[in-house]
Amino acid sequence: MTQPFLEVENLHVHFAGRQRLLRETMPTVKAVNGISFAIEPHRTFGLVGESGSGKSTVARAVLQLTDVTAGIIRLDGVDVTHVQRESELAFRKRVQAVLQDPYSSLNQVHQVRTIVGDGITRHFGIKPGPEREQRIVKLLDEVGLADEFLDRYPYEMSGGQRQRVSIARALAVEPDLIIADEATSALDVSIQSQVINVLRRVQADTGVAFLFIGHDLDVVRHVSDDVGVMYLGYLVEQGAADGVYDLPAHPYTEMLIASVPVPDPAAQADRRALRQTFKKDAEPPSPADLPPGCPFANRCPVAMDICSELMPHATAARHGGYVRCHLHTSGPMLAGESVIPYIRSAAGKSGKR
Ligand SMILES: Nc1ncnc2c1ncn2[C@@H]1O[C@H](COP(=O)(O)OP(=O)(O)OP(=O)(O)O)[C@@H](O)[C@H]1O
Ligand code: SF4
Ligand SMILES: [Mg+2]
């Protein structure tokens with residue numbers, strides 16, 4: 001196994017409650033609760049989960065934009081959990097971000113030339129001139145933009161073009177890791193797949209590792225080598241992307257899969273019916289008041305007594321990763337197998353996914 005570029009070990013990020021009124025203090029928000037994963041060069045780790053599950057908080061912790069409550073973050077084996085101010089420039093050269101809304105993350109008053117070129121000057125000391133121009137044109141070419149874009153402003157481009165500029169800007173510093181947080185979520189499906197193809201090509205050319213964050217399991221699977229499924233700050237399932245998708249061992253993963261629309265009408269009707277077996281409208285618990293047991297218990301169609309009492313431990317899953325669900329060690333004792341047949345039989349459903 002290659003040395004991972006990024007290692008996240010038992011990460012906790014809790015936001016201390018601020019004083020609201022004179023004597024009332026808001027409770028601590030437990031946004032991330034003990035998650036671990038690693039990403040090797042040339043690989044993409046996808047983080048998927050519903051809104052509020054803690055994905056961006058993980059990204060912000062890795063980017064050193066939020067304080068880490070506990071746990072370790074390593075880059076190339078070196079602990080950078082609390083990176084020192086003087087090494088921040090070096091850190092930014094190694095880890096870059098591409099965010100959901102390129103319109104607000106790109107400086108509106110600058111042309112593409114400056115947006116992409118700034119990092120080249122800052123990190124390589126190459127001043128504006130022919131050498132820098134040549135590099136910018138090459139980067140634009142890598143993301144599929146012609147050199148006529150050099151003089152454009154963000155407001156003169158489409159969402160997909162702006163996202164390509166964001167990727168070029170991130171690539172300009174030749175990073176080892178790019179964190180793409182909902183980077184394609186706001187784009188139309190066809191533009192989304194173009195941008196994903198750009199990410200793939202860039203990875204093949206440069207070996208950059210990606211942390212790819214999204215809420216659509218289908219998209220995340222498509223892009224990622226490995227995926228982690230997050231719910232209320234916990235990684236409830238983790239493993240090779242195709243394995244997790246084909247043999248989901250956690251009911252929440254199956255719910256996410258059933259939420260993705262498919263073109264085949266029969267399969268779509270089946271997914272809709274399956275989705276209805278989940279208490280989808282039940283409010284998830286608040287991260288400021290997590291239950292003692294499984295946080296998914298109030299939405300899970302196959303919850304058992306133990307579920308509301310004890311938080312499940314991680315157990316090995318058939319797909320080679322792991323899962324945190326009592327079904328594998330209690331009740332039906334699924335022992336890491338896919339949860340699909342069990343949920344289907346409990347819900348009285350059969351048919352295609
Ligand atoms: N600075 C903060 N102070 C207090 N709570 C916060 C802070 N940042 C995030 N949270 C809370 O932490 C939880 C996780 O938020 P986060 O933004 O990481 O979720 P997410 O999975 O990225 O959601 P989305 O899909 O909507 O982007 C949420 O309950 C959020 O309200
Ligand atoms: S631990 Fe229990 S409540 Fe949680 S997902 Fe598994 S079966 Fe459902
Ligand atoms: Mg987010």
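**Figure 1. Polar contacts between ligand 1 and the protein.** In this predicted model, a polar backbone atom of Ser 53 lies 3.2 Å from an oxygen atom of ligand 1. A polar backbone atom of Gly 52 is also found beside the ligand, at 2.8 Å from an oxygen atom of ligand 1. The contact made by Lys 55 involves its side chain, where an N or O atom stands 2.8 Å from an oxygen atom of ligand 1. On its own, ligand 1 has 640 Å² of accessible area, and the protein covers 62% of it.

**Figure 2. The shell of residues around ligand 1.** Two elements, β2 (29–39) and α1 (55–62), each give two or more residues to the shell around ligand 1, and it is α1 that provides the largest share, with three residues. The ligand is surrounded by 13 residues in total, and the closest of these are Ser 51, Gly 52, Lys 55, Ser 56 and Thr 57. When the shell around ligand 1 is divided by class, six of its residues are polar, four are nonpolar and three are charged.

**Figure 3. The largest cavity.** By class, the lining of the largest cavity consists of 11 nonpolar and two polar residues, with no charged residue.

**Figure 4. The largest pocket.** The largest pocket contains about 520 Å³ of space, and 24 residues line it, with Arg 92, Gln 96, Ala 97, Ser 105 and Arg 169 lying nearest its centre. The elements that contribute two or more residues to this lining are the helices and strand labelled α1, α2 (88–94), β6 (95–98), α4 (112–124) and α6 (159–171). Of the lining of the largest pocket, the largest share comes from α4, which gives five residues. The lining divides into 10 nonpolar, eight polar and six charged residues.

**Figure 5. The second largest pocket.** A volume of about 320 Å³ belongs to the second largest pocket, which is lined by 17 residues, and the closest to its centre are Leu 139, Leu 171, Glu 174, Pro 175 and Thr 206. Helix α5, formed by residues 130–142, gives the most to the lining of the second largest pocket, with four residues. Considered by class, the lining of the second largest pocket includes nine nonpolar residues, six charged residues and two polar residues.

Conventions:
Residues are numbered from 1 along each chain as its sequence is written. Chains are lettered from A and ligands numbered from 1 in the order in which they are written. This is a predicted model: local features need pLDDT of at least 70, side-chain atom pairs count only at pLDDT 80 or more; totals for chains, interfaces and linings use all residues. Side-chain values use heavy atoms; hydrogens and water are left out. Ala, Val, Leu, Ile, Met, Phe, Trp, Tyr, Cys and Pro count as nonpolar, Asp, Glu, Lys and Arg as charged, and the others, Gly among them, as polar. A residue is near a molecule or strand if one of its heavy atoms lies within 4 Å of it. A polar contact is a pair of N or O atoms within 3.5 Å; within protein, one must be able to donate a hydrogen and the other to accept it, and residues adjacent in sequence count only if both atoms are side-chain atoms. Accessible areas come from the Shrake-Rupley method with a 1.4 Å probe; for residues, only the protein chains shown count as cover. On a 1 Å grid over the protein atoms alone, a cavity is a set of points where a 1.4 Å probe fits but cannot get out, and a pocket is an open set with protein on both sides within 12 Å along at least five of seven lines; lining residues have an atom within 4 Å of a point. Grid points are joined across faces, edges and corners, and a volume is the space filled by probe spheres set on the points.
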